[in-house]
Amino acid sequence: MSTSQASQKEPSKKKIQAIRGMNDLLPNQSALWQYVEGQVQALMRRYGYAEIRTPIIEQTALFKRSIGEVTDIVEKEMYTFDDRNGDSLTLRPEGTASCVRAAMEHGLLHNQTQRLWYQGPMFRHERPQKGRYRQFHQVGVEAFGLAGPDIDAETILLSARLWKALGLYQHVSLELNSLGSAEARAAYRDTLVAYFEAHYETLDEDSRRRLTSNPMRILDSKNPAMSEILDAAPRLMDHLDDASRTHFEQLCALLDAAGIDYVINPRLVRGLDYYGRTVFEWTTTALGSQGTVCAGGRYDGLVEQLGGKPTPAVGFALGLERLVLLLETLALVPDSARDELDVYLLPMDESATTPALLLGERLREALPALRVQLHCGGGSFKSRIKKADRSGARLALLLGEDELAEGNVTLKFLREAREQQRLPQAGLVEHLTPLLKGEPFA
Ligand code: ATP
Ligand code: MG
């Protein structure tokens with residue numbers, strides 16, 4: 001090898017890896033994700049929500065104008081770049097802004113209500129850790145054109161039903177607060193700033209910075225050194241406007257009627273500027289500090305803020321990675337979320353290749369739910385059996401010289417200590433049917 005070739009090859013030896021905080025979803029995880037996604041889809045259908053899919057890139061201005069210039073997301077977490085035309089674009093850090101943009105752009109909000117949901121990757125440049133990534137996936141729900149507490153209650157009930165479907169309900173708790181009207185919030189803000197100024201010495205650096213930019217976010221601080229002054233801080237709940245107070249009381253009454261437990265958390269403020277009135281979070285103690293699984297609230301001002309007509313709206317977003325982590329942590333992954341093969345179909349020699357291929361097709365034709373994998377690639381008897389064992393299938397169907405001569409197939413149990421059976425191929429479908437139904441196997 002000449003030196004020039006060597007030096008050309010040198011750099012390519014270093015393997016290129018994924019971007020930090022951005023995960024590959026590997027085959028052994030995909031069944032669990034599909035299970036969760038399937039539950040989500042079924043749920044949305046049952047509540048009459050329609051899916052909307054929007055691009056993962058939008059004009060940067062969309063997020064600045066909706067999420068707010070002085071929020072963590074816009075200040076330090078967005079993936080923003082100039083494209084080749086010099087336009088400033090951003091990988092979406094959340095779904096609501098895009099959803100509003102699309103609904104407005106396509107006239108979905110003209111004198112009508114909309115119940116929409118979306119799912120997909122979001123991007124935030126945060127410090128990667130368990131449950132916190134730079135590309136993560138959210139499922140979100142947005143309802144437009146409905147101002148009353150009934151729709152707030154519906155979105156909360158919808159999320160509660162998802163926890164129930166996944167077996168998570170007793171492992172999450174609902175926190176609720178009201179942020180009141182924009183006017184009530186502005187007045188409260190002044191009260192709060194005055195309070196924090198009086199306790200300036202106790203504020204950490206982050207909170208001092210927020211005192212001028214976004215004082216309500218100080219309430220969100222997890223710094224234990226500040227917990228005392230935060231607990232004693234004036235509460236927005238005590239400064240609500242009458243309409244917001246009534247809205248909140250009615251929401252609470254609806255949740256009571258539906259038997260949904262909640263805790264009112266006066267310090268719950270959420271990190272996005274567009275929220276007003278209802279805000280809520282579903283949290284868990286099982287995931288450490290990444291304990292918020294789902295969060296949302298009302299954002300009646302956002303459509304107008306983005307150039308549309310005043311349109312009441314409420315929604316939430318849940319983090320799929322955290323949901324999946326929670327299911328794993330609590331060992332709540334059902335067997336149906338493990339994509340295991342039912343049958344490994346094994347031609348024992350070359351002469352069995354064609355009959356095995358055809359048998360596989362016949363089985364799939366007759367039993368659409370059956371998961372059959374055909375052994376390909378030949379190999380010695382021993383290596384074929386080893387592949388069958390490693391396939392994870394419950395059963396192996398063996399086709400060799402004897403079986404072919406007799407029109408039979410040998411059924412071998414791969415995960416149970418049971419005698420193997422020789423069966424006529426003609427009766428195979430009837431024989432396998434109970435297996436699929438989870439019935440005891442003959
Ligand atoms: P957190 O307080 O955990 O930072 P957030 O208030 O920034 O969450 P939202 O913007 O409300 O979160 O997003 C809704 C949900 O999306 C969160 O409750 C969480 O489940 C999920 N989520 C948000 N950021 C991330 C992330 N970086 N990685 C994984 N999931 C995330
Ligand atoms: Mg965050």
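In this predicted model, helix α3, spanning residues 60–67, packs against helix α5, spanning residues 96–105, with the two axes 9 Å apart and at an angle of about 110°. Because angles of 65 to 115 degrees count as roughly perpendicular, α3 and α5 are described as roughly perpendicular to each other. On the side of α3 the contact is made by Leu62, Phe63 and Ser66, and on the side of α5 by Ala97, Ser98 and Arg101.

The largest nonpolar core comprises 95 residues, and those with the most contacts inside it are Tyr49, Phe144, Trp163, Phe196, Trp282, Leu318 and Leu323. The element that gives the most to this core is helix α2 (residues 27–47), which supplies eight residues. When residues up to four places away in sequence are not counted, Phe196 touches Leu203, Leu211, Pro215, Ile218, Leu219, Ile229 and Leu230.

Leu230 is also one of the residues in contact with Ser221, the others being Asp204, Met226 and Arg267, once neighbours within four places in sequence are left aside. Ser221 itself lies in the loop that runs between helix α8 (205–213) and helix α9 (227–231). Despite this loop position, Ser221 counts as buried, because its relative accessibility is 13% and the cut-off for burial is under 20%. The side chain of Ser221 also reaches the backbone nitrogen of Asn223, at a distance of 3.1 Å.

Five strands form an open sheet with mixed pairing, in which the order is β13-β12-β14-β15-β16. From one strand to the next, the twist averages 25°. Strand β15, made up of residues 408–413, runs antiparallel to β16 and is joined to β16 by four bridges. Within this part of the sheet, Thr410 stands opposite Arg422 of β16. Helix α16 (residues 428–436) packs on the sheet, where α16 touches β14 (395–399), β15 and β16, and the direction of the helix makes about 125° with that of β16.

Notes: Residues are numbered from 1 along each chain as its sequence is written. Chains are lettered from A and ligands numbered from 1 in the order in which they are written. This is a predicted model: local features need pLDDT of at least 70, side-chain atom pairs count only at pLDDT 80 or more; totals for chains, interfaces and linings use all residues. Side-chain values use heavy atoms; hydrogens and water are left out. Helices (H or I, at least four residues) and strands (E, at least two) are DSSP runs, numbered from the N terminus. Buried means under 20% relative accessible area, exposed over 50%, partly exposed in between (1.4 Å probe, protein chains only). A polar contact is a pair of N or O atoms within 3.5 Å; within protein, one must be able to donate a hydrogen and the other to accept it, and residues adjacent in sequence count only if both atoms are side-chain atoms. Contact means heavy atoms within 4.5 Å. A nonpolar core is a set of buried Ala, Val, Leu, Ile, Met, Phe, Trp, Tyr and Cys residues joined through side-chain atoms within 4.5 Å. Two strands pair if DSSP finds at least two bridges between them. Axes are lines fitted to C-alpha atoms, for helices over the stretch in contact, and angles run from 0 to 180 degrees between N-to-C directions. Angles under 35 degrees count as roughly parallel, over 145 as roughly antiparallel, 65 to 115 as roughly perpendicular and the rest as oblique.
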